[in-house]
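Biologist: I am new to reading protein models. Could you take me through one, feature by feature?

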Amino acid sequence: MSRETRMALARPHVRRGLWWSWLGGGLVYSALVEAPRAIDRAVGLSGPAVPAALGWLALGAGLIAYRLAARPRAGVLAALGPLAVGGIAPTPVVVATALCLCGLAGGWVVGAVCREAQRPAAAGPAGAGLSLVAAAGGFLLIPLSSLWLAALATVILSSASSRAHTQTAPAPAIADPDGIGVDAVLQGTAVSISFAARRVLDQISITLRPGELVALVGGNGSGKSTLLRVLSGHLLPDDGALSLRGENVLGSSPEDLARLGVTLASGARPVFPDLTVRENLQIATWITPSSRRERVGSVEAALARFPELTSLDRAAAGTLSGGEQRLLALAASLIGRPHVLLADEVTLGLSPQARRRALHTLRGVADSGAAVLVVEHELRDLLPLADRALVLQGGKLVETAEPLPAKASFIPEVER
Amino acid sequence: MEVLPGLIALGVVQGMLSALFAAGLVLAHRTHRFLNLSHAGLGLVPGALVGVLVAQAGWSFWGAAPVGIALGAALGVAAERAVFARLANAPRLILMVGSLGLAQLLAAAQTALPLAVGGIPPTYSVPWRVRIDIFPVVLTAAHVLTLIAVPITLVLLAAFLRSRVGLGAQAVGQNSERARSLGVSAGVVSATAFAVVGAAAAVAGILAVPVLGYSLEGSPGVAVLLLALAPAAVAGFRQLWLAAAAAIVLGVVYQLVLWYGGEASNGTLLLGAVAAMAVALRPPAGDRRERAARTSSWPAAPPIRPSTRRRSTSIGLAFGIFAVSAVAITRLGPSDAQLVATGAALALGALSLAIGWCLAGELSLITWPVAGVAAIAGAWSGRAGVWLAPPVAAATGAIVLCALGLLVRRRGGLAFAVVSLAAGAGLAEVARRTTIDAAGLEIAPSIAALVALAVAFSATAAFSVLRGTAAGHRLVAARDDGRRARALGIAPSQARLLGLGLSGAVAGIAGLAYVLAVSHPAPGAFGADRSLDLLAMAVVGGLGSFWGAAAGTATLVAARVLLDGGWAVLGSGIGMLAAVLFFPGGLAAAAARAIEAARR
């Protein structure tokens, strides 16, 4: 599968478009072949009006859904399908035309998405081909009498399309003028993302190396948490590249990245509130390929590392204070021994002593060889421990000074 | 009164079947945090399949049962992947609505399956020579198999919840983002959890056919739903074994009520009361626990459409439509005029639901029984003077919904929906047993249609205006975030009660309009199942919009006219699912988008 095709598949809109192309193909079959037969058998009604009306109804419904699920403008083109089918007898030419329209519409969607994301134009034809194949597959696999087969194929197709984009591949060549990324473990290049009309991250390039603790600072709304969510796979950027140890991981799911060693510890909604503290830690052993005894040992070690949690191990995590919940989140994140730890305000609400201890724990994680990126508002305790500090302002990385961003205007004098 | 041991044994068997359904509700709630109303359907379709395989294809029961259980698991996975996983960013109440649509599809499938392959009723017995006489009942092999299979299934369910995958599924339900950050495969564990839910439901459904008999009606009925819902509510939708124990106790009590209490509806009333009391008497959680209980991967607050500044345009357009409709009504025959009047009454019912959702943040599954009780009060007071009927009906509706709101005060989440579902059965029974004397309210069908339509349009316009005023903003603020609203000086409990009261008042007027439309409502005309129809109308139109309720009603009433019984249920189910999956804002949002696009 070419990179363009993979990039196209990484877009949720494209995957939805393919799904609808497939369903559209199936609807063509149902409308033209099976439904008239069924109606003829049931009520003895037949004639050219039946396939025509059903063609209109079925394709119209499928393509309206296509329009809403994929891209609005695609619906205009796709709506030509019913025009081609309506009023014409189900001949091979009509079927082929309708299938081509489904494929063209899907390809048009892919092309539009790629243009918006400034992807190579080749993704458009690749998507069109995929879409045509999907429509043909739907035509063959979704006869009205075998809906169970259709359901099965839907599950397989959707899971295959969502898995396809998680496969890793050699990363594209990334410009690295400073040579900082030579030994990078995680590297994001020219990452951009917008929410509605607002550009939240604008061409951000960031490199994390093993054994370093990087402080990411910035004012409210500067894009810190968004950047961490992009790096951990929770958000797919509109543009840019993301690589882990030289492998392209753009479009990988958060769980796949977690298995590869990238863990996000977020201070917002940090725990599973109805599970006990111990069960929260057990969940964190999900990706450790070890025996049950070893997993229990990991949980005990985590509790020993944070003695505040030891006496609470049977309590529901939702009943802990905010600070205790964040400590628990940090303890859980460390169980999997991540290669890259992205910590988003994990010390918010902790007492000064607990905060210092948590930050020293993060320093220890970095010293053990992991890359740690920490987002904090309280910088007094963090900056002395950090190897580098990055400053985000208005979605742009404005400073990459090492080790202290003394010129960052938003940092209060007392924090510098 | 002598309690016969055979009745207790029969009650235990039926209670065990309910225990499996209740355990499934608990499991689905713990892993997905919503009330899965399609749960019984997941079991009844495999039951029908086993019946078809045994009765028509000549399979052995022991060969067909595993196939049925596999179908249940597959249906569970399909439901999770095709519906619930797609609603990952929707409020939990929307998930419940989605499960309701799914339940209707499964009901249609259960009915259609035997008809599609020969039409022989899919009944069967368990081929095992067992017969135990306990006066006054005879326990057969199916009963004994239930006594063996259900505890085993419950143990397996409990083991699943404590297993790694079970814990993962619960984690995904509570905080999907965090779980995925820790490497939990959200899709796999959620689908596995629903496979287990579906398989457990299938075991219950397969055993239910020889024990309780097969019903061609499709939908499992209020009593079956309450037999599972009440124990699950007693267990707070959390404790599996408590739910199972409560189900067995309730099964025995239900059986005794059936035997000694005469009417089956008395048992339903009892179950409804138990479910409502279980939710109402549960002590309110502390602040942190309450927040924890509200936390899940799905947002709790349902979305509503923002108020716009172009109210005058939309209201003018609506009254234009009303004027055209009024002219058209004068040319209709009596039966068509009656249809329009009935549709307008249903539109008011759907409006009541939308008001409860938009202004109080609660989903009422009791709208139509409330309308029935209010109509009784209105019709009764109408004998003293026709002008008295509307205020009395409105006040009755408002009082009933406020009383329910007070019962579940400070409980949040799905508490009101559960209590309204339970109380709805009781109110529907009250409405069924009371003859509505509409002697003072009889008018010509065309006049009734005009009046009902005018009231529906006026009420919709009035609430659209209210939504945009300062009072409306206060109600919405209290509904969206009670803690912040309290900090701004708004009492969230009072605001919520006011919203529910307004919703109840409109439901009362809807009931009266219905009596005007049909003159002499049949017993059962205000049944609880009609509330689900109203929900479908409100969802298809767009729950967050008052005008959407009217549009949804018009659409589904037209569909009902064009389609006959079974197809109508199927259409309603598909409509609801399509609405929540593809048109989350319903017709109203689609229209708003079209208008916005046209303006651009």
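**Reading a two-chain model**

Modeller: Start with an inventory. Chain A has 15 helices and 11 strands. Keep in mind that this is a predicted model.

Biologist: What share of the 416 residues in chain A is buried?

Modeller: Buried residues make up 50% of them.

Biologist: And how do I read contacts along the chain?

Modeller: Look at sequence separation. Take the contacts in chain A between residues at least 6 apart in sequence. Of these, 70% join residues at least 24 apart.

Biologist: What follows α9 of chain A?

Modeller: A:Gly233 follows α9(A). The phi of A:Gly233 is positive, near 90°.

Biologist: Now a single residue. Where is A:Glu279?

Modeller: A:Glu279 sits in helix α11 of chain A, residues 277–283.

Biologist: Why does A:Glu279 count as buried?

Modeller: Count neighbours. The cut-off for buried is 20 or more other C-beta atoms within 10 Å. A:Glu279 has 20 C-beta neighbours inside 10 Å, so A:Glu279 counts as buried.

Biologist: How far is A:Glu279 from A:His377?

Modeller: Their C-alpha atoms are separated by 30 Å. Along the chain, the two residues are 98 residues apart.

Biologist: Next, the place where the chains meet. How many residues does each chain give to the contact?

Modeller: Chain A gives 31 residues and chain B gives 25. On the side of chain A that touches chain B, the elements giving two or more residues are α3, α8, α10, β7 and α11.

Biologist: Last topic: helix packing. At what angle do α1 and α10 of chain B pack?

Modeller: The angle is about 140°, and the axes are 6 Å apart. Here α1 covers residues 5–32 of chain B, and α10 covers residues 240–260.

Biologist: What word describes that arrangement of α1(B) and α10(B)?

Modeller: Oblique: the angle makes α1(B) oblique to α10(B). Their crossing is right-handed. The residues of this contact divide into 20 nonpolar, 6 polar and no charged.

Technical notes: Residues numbered from 1 in each chain as written. Chains lettered and ligands numbered in written order. Predicted model: local features only at pLDDT ≥ 70, side-chain atom pairs only at ≥ 80, totals over all residues. Helix = DSSP H or I, 4+ residues; strand = E, 2+ residues; numbered from the N terminus. Buried ≥ 20, exposed ≤ 12 C-beta atoms within 10 Å, placed from the backbone. Contact = placed C-beta atoms within 7 Å. Axes fitted to C-alpha atoms, helices over the stretch in contact; angles between N-to-C directions. Parallel < 35°, antiparallel > 145°, perpendicular 65-115°, else oblique. Left-handed = near helix turned anticlockwise from the far one by under 90°. Nonpolar A, V, L, I, M, F, W, Y, C, P; charged D, E, K, R; others polar.
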